[in-house]
Amino acid sequence: MVYKTFGKTGLKLSVLGFGAMRLPMTEKDGKPIVDYEKAVPLMRRAFELGVNYIDTAPYYCESDSEVAVGKALKGWRDKVYLSTKNPIEDASGANFRKRLENSLKKLDTDYIDFYHMWGINLESFRSSIDVKNGPVEAARKAIDEGLIKHLSFSFHDKPENMIPIIDSGYFSSVLCQYNLLDRSNEENMAYANEKGLGVVVMGPVGGGSLGAPSEVIRNMIKKEVKSTAEMALRFVLSNSHTNMALSGMEDLRMLEENVKVAAVEGVLTSDEYGQVNAILAEKKRLSELYCTGCRYCMPCPAGLNIPHIFKLMNNHKVYELTAHSKREYKALFTPVEERHVWAKPNGVSADKCVECGQCEEKCPQKLSIMKQLKETHTVLGK
Ligand code: SF4
Ligand code: SF4
């Protein structure tokens, strides 16, 4: 396993982190819970293989992930860094504290190493977090009491909005989205590192999209690469500003494959990294000929998410992620109970367009949106 110094904390953390959001599940009294018999040995195997950071959250795995992680950490607590999150539901420091205490109880531990303000954006940071008697004050008190070692945040916002949050100086690390298909946080990652924050990447396989087979991606370098997911992980780990990639590992096979990649320092040579960057730039150019994702066409009166539908079509056409694109597209018109558990929330499929023409008037690319929607439904909806 490769270990990197984690920003100003000075800690040596493994470049692969265990994301405890896809643990094996079972049922008890008709309720879904984590299958501890399988999940605990899986997490402990990760620790044995050198993974020294585990990330959970109150609502993962039907709200049972923290309990399972607590069980796995018995006997490992002083060797593994624990991360969990506080869903900022309001601006109250007292409520922040209650949620923290609840996590400590579920995890059956006295302290959390990296405690995240969960899924924040600049607006919520200013209006509900960095306020009098609010979460930041409560978190600082908890740090003084030793309940939290480091304060972190996970980020879901426009890339430029990360900078003021970093500049607040409150945080030791950031958890953000970054992968082959979404590089929008790349500059922020460099900035965060420069300011002494550790950078943990979530979604190195694009929330599952890069877990699907694509020969285009797998063959980006000359070396033998077993899968699209392996290439995606290599790419993320090869960015010098990535301290760690979090992977939601569901079974031993996935764990061992990821550990193999993370065990090799410099997972892409600088030549290979350059080559991959050049291919990605060309792919991005081709994608943008089709749709830039600018969203000027929105909203659609029939409820279609046009940029999302075209993104799926692009992933099929340009990156050959066909299986994933079809699955995500079908989720748009598949009832919740019949959908793959990781598919995005449902919406409106392309065939529901009523051809009002409003979107085409607003599209700076002058795309034939109505025609392309029909094509998308024919190709992805079969
Ligand atoms: S033409 Fe179709 S997709 Fe475009 S705004 Fe009208 S209903 Fe929506
Ligand atoms: S306005 Fe055109 S380019 Fe922009 S998201 Fe809509 S379809 Fe794509």
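1. pLDDT is the predictor's confidence in each residue, from 0 to 100. This is a predicted model, in which local features need pLDDT of at least 70 and side-chain atom pairs count only at pLDDT 80 or more, while totals for chains, interfaces and linings use all residues. Residues are numbered from 1 along each chain as its sequence is written, and side-chain values use heavy atoms, without hydrogens and water.

2. The chain has a mean pLDDT of 91, with 96% of its residues at 70 or more. One stretch to keep in view is residues 339-343, where pLDDT stays under 50; the model gives them 11 contacts (heavy atoms within 4.5 Å) beyond four places in sequence.

3. Now to ligand 1. Its surrounding residues (a heavy atom within 4 Å) include C300, C353, C356 and C359, along with E355 and M370. By class, this shell has 10 nonpolar residues, one polar and one charged; Cys counts as nonpolar and Gly as polar here.

4. Ligand 2 has 14 residues around it, and the closest are C291, C294, R295, C297 and C363. Its shell divides into 10 nonpolar, three polar and one charged residues.

5. Among the aromatic pairs (ring centres within 6.5 Å; planes under 30 degrees apart are stacked, over 60 edge-to-face, the rest tilted), of which the structure holds 16, have a look at F125 and Y170: this pair is tilted, with 6.2 Å centre to centre and 55 degrees between the planes. The two residues are 45 apart in the chain and link distant parts of it, F125 lying in helix α5 and Y170 in the loop between α7 and β10. Helices (H or I, at least four residues) and strands (E, at least two) are DSSP runs, numbered from the N terminus.

Key:
Chains lettered and ligands numbered in written order. Phe/Tyr/Trp six-rings, centres within 6.5 Å; stacked < 30°, edge-to-face > 60°.
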